[in-house]
Amino acid sequence: MSGHQKRRARTERAVLVAARELLAESGFGRLTIEGVAERSGVAKTTIYRRYRSRNDLALGVLLDMVGDVSTQPYALDTLTELTRLVDRTVDLMSNTLLGRIMQGLVSEVAADAELARTYRERVVSQRVEEVTALVERGVARGELRDGLDPELVTDLLLGPIYYRLFLSGSPLDEEFGRRLVAALFPAFAKEPHPA
């Protein structure tokens with residue numbers, strides 16, 4: 001790595017760390033490029049060359065963090081894996097900085113096609129890959145039916161979490177994952193399964 005690349009990488013890291021700290025302290029609504037510039041010591045013009053808006057910057061923080069987080073559970077049976085997937089996603093969305101950033105970006109993703117494309121390619125696709133691996137293990141164990149669509153499974157399992165977070169306000173309690181998977185598992189299972 002050349003000296004220029006090292007400086008660029010240090011600058012990028014300083015910006016992302018500052019933005020992450022500000023998001024943790026004040027939330028998405030108060031994130032500003034000016035605040036990140038002040039906190040990081042990086043010029044606003046340099047930040048704007050990399051990120052066209054605070055939304056892009058928040059997405060940059062999210063993408064930097066998302067590689068460290070997995071909701072993919074491993075267990076001996078698929079029913080337990082599905083329940084853990086839902087429980088871990090609920091915890092991620094409700095109790096972590098990453099979840100708060102994701103919640104803050106929801107309306108922006110809906111309004112900005114470029115942001116939406118990046119979000120789908122880098123965040124949503126990771127969840128679909130995790131569910132795909134889970135479905136493949138379940139099929140190999142003989143617990144899930146052949147030809148089960150992993151993207152549909154993702155929608156059916158994770159959609160209710162986002163519905164409760166953003167629309168209904170219904171609680172995401174400790175029993176939610178178990179109840180949700182119990183309701184859906186018969187549709188996924190190779191054979192009728194007592195859920």
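Colleague: Which residues is valine 135 in contact with, leaving aside its neighbours within four places in sequence?

Modeller: Contact means heavy atoms within 4.5 Å, and the partners of valine 135 on that count are Leu144, Leu148, Pro150 and Val153. This is a predicted model, in which local features need pLDDT of at least 70, side-chain atom pairs count only at pLDDT 80 or more, and totals for chains, interfaces and linings use all residues. Residues are numbered from 1 along each chain as its sequence is written, and side-chain values use heavy atoms, with hydrogens and water left out.

Colleague: Why does valine 135 count as buried?

Modeller: Buried means under 20% relative accessible area, exposed over 50%, and partly exposed in between (1.4 Å probe, protein chains only). Valine 135 has 4% relative accessibility and therefore counts as buried.

Colleague: What makes threonine 118 buried or exposed?

Modeller: Its relative accessibility is 17%, so threonine 118 counts as buried. Threonine 118 is in helix 7; helices are DSSP runs (H or I, at least four residues), numbered from the N terminus. Its contacts beyond four places in sequence are Leu59, Leu63 and Val123.

Colleague: Why is phenylalanine 166 called partly exposed?

Modeller: Its relative accessible area is 32%, so phenylalanine 166 is partly exposed. The residue lies in helix 8.

Colleague: What makes Val106, Tyr163, Phe166 and Leu167 a nonpolar patch?

Modeller: Patch residues have over 30% relative accessible area and no salt bridge, and nonpolar side chains (Val, Leu, Ile, Met, Phe, Trp, Tyr) are joined within 5 Å. A salt bridge here is a side-chain nitrogen of Lys or Arg within 4 Å of a carboxyl oxygen of Asp or Glu. These four residues form such a patch on the surface, with about 390 Å² of accessible area together; accessible areas come from the Shrake-Rupley method with a 1.4 Å probe. Helix 8 (residues 150–168) supplies the largest share, three residues.

Colleague: What is called the largest nonpolar core, and which residues have the most contacts inside it?

Modeller: A nonpolar core is a set of buried Ala, Val, Leu, Ile, Met, Phe, Trp, Tyr and Cys residues joined through side-chain atoms within 4.5 Å. The largest has 34 residues, and Val36, Ile47, Leu62, Ile101 and Leu105 have the most contacts inside it. Helix 4 gives the most to this core, with eight residues. Another core of 20 residues lies apart from it, including Leu85, Leu134, Leu157 and Ile161.

Note on methods:
Patch = residues over 30% accessible without salt bridge, like charges linked within 9 Å, V, L, I, M, F, W, Y side chains within 5 Å. Helix = DSSP H or I, 4+ residues; strand = E, 2+ residues; numbered from the N terminus.
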